[in-house]
Amino acid sequence: MKTFESFAKEIGFNLQVLDNYITFAEKYYNTFYISKRKKGEKRQIDCPSKELKSIQRWLLSNYFNKIPISERANGFVKGRGIKRNAQFHLKKEFILSIDIKNFFPSISQKQVYDVLSKIFEDKILSLKLAKLCTFKRNLPQGAPTSPVLSNIVFKEIDDKIVSFCKSRLVIYTRYADDMIFSCDTKKTLIEIYSLVNNLLAKHSFNINKAKTKYLSGKGRMVITGININEGKLTVKKEIKRNLRSNLYNLIVKKDRSIKVNSVLGYLSFIKDIEPEYHQKLKEYIKRLKAISNTSIDLQK
């Protein structure tokens, strides 16, 4: 049976040192704020120290990544992502998008302990691990373990939602705090919203009503930044337009303010989502290079 003592030996830390990370947690976190997209709003980031982060990463690799999560969770999971998240909802008439307010901070130390205590026999180990991965009794936005622990904690909710969605012919997926529901009748999605709102409230989560959206084929249907209107996945026109503009400015005008890594990232994203358009971009890049006689490497 795994214990806190055996864990300490596995990771090569003294028990007292590990307990210090728990007792004096505020010494081992750096809190700062970054701007959100909405003007004037700030996101709090609680970043663990290098040493504590190394412990959390060890837990991630050796313990937490091996714990089952919902098949419908697509965020923070190797081999899954926004493409998989959107594919579930292709060719559906209506979509409901629900955003969970303050996702990580809404997950308490107790919720983490409760789920870990079902996995590890030793309750002290479960409690200490929960404390090592939480800050001020909540999941910190900034710790490497928070994304995976959020999926582990949320599995019970995911499973309940999948269960009652199946009986109503509704498709459900989740990407981090973004819950997506799709079916062929809006009335059903209105019913689903009520059920989900009540379920989340029971588990101490709140819906961000300002970000809740009902979408239909009559307008633009976008899931985690990907269009699904045409019955296939396509990249938003704004992204394509901005990328072509940045490519021109970077290659022809040699504008140094254009971030190459950002351009490469968007090229990779488009290659994954819309390979046909990516081929057109490769030809566009070739033409721009011929015009400017540059050898910049943008092979993505």
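Q: Which strand is R43 found in?
A: R43 lies in strand β2, which covers residues 42-48. Keep in mind that this is a predicted model.

Q: And how exposed is R43?
A: R43 is partly exposed, because its relative accessible area is 34%, and partly exposed covers the range between buried, under 20%, and exposed, over 50%.

Q: What kind of surface patch is R43 in, and which residues form it?
A: A positive one: R37, R43, K211 and K213 form that surface patch.

Q: Switching topic, what about the sheet with β7 in it, what's the strand order?
A: The order is β7-β8-β9, three strands in an open sheet. The pairing there is antiparallel.

Q: Which ones are the edge strands?
A: β7 (222-223) and β9 (234-235) are the edge strands, and each of these pairs on one side only.

Q: Okay, β8 and β9 then, how many bridges do they pair over?
A: Two bridges, in the antiparallel sense, with β8 being residues 226-227.

Q: What's the bridge partner of N227 in β9?
A: That's T234.

Q: Now I291. Where does that one sit?
A: I291 is in helix α11, which runs over residues 275-292.

Q: Is I291 buried or exposed?
A: Exposed: I291 has a relative accessible area of 60%, and the cut-off for exposed is over 50%, so I291 qualifies.

Q: What separates the C-alpha atoms of I291 and L52?
A: The separation between those two C-alpha atoms is 52 Å. Along the chain, I291 and L52 are 239 residues apart.

Terms used
Residues are numbered from 1 along each chain as its sequence is written. This is a predicted model: local features need pLDDT of at least 70, side-chain atom pairs count only at pLDDT 80 or more; totals for chains, interfaces and linings use all residues. Side-chain values use heavy atoms; hydrogens and water are left out. Two strands pair if DSSP finds at least two bridges between them. Helices (H or I, at least four residues) and strands (E, at least two) are DSSP runs, numbered from the N terminus. Patches are made of residues with over 30% relative accessible area and no salt bridge: like charges are joined within 9 Å, nonpolar side chains (Val, Leu, Ile, Met, Phe, Trp, Tyr) within 5 Å. Accessible areas come from the Shrake-Rupley method with a 1.4 Å probe; for residues, only the protein chains shown count as cover. A salt bridge is a side-chain nitrogen of Lys or Arg within 4 Å of a carboxyl oxygen of Asp or Glu. Lys and Arg count as positive and Asp and Glu as negative; His and the chain ends are not counted. The place of a charge is taken as NZ of Lys, CZ of Arg, CG of Asp or CD of Glu. Buried means under 20% relative accessible area, exposed over 50%, partly exposed in between (1.4 Å probe, protein chains only).
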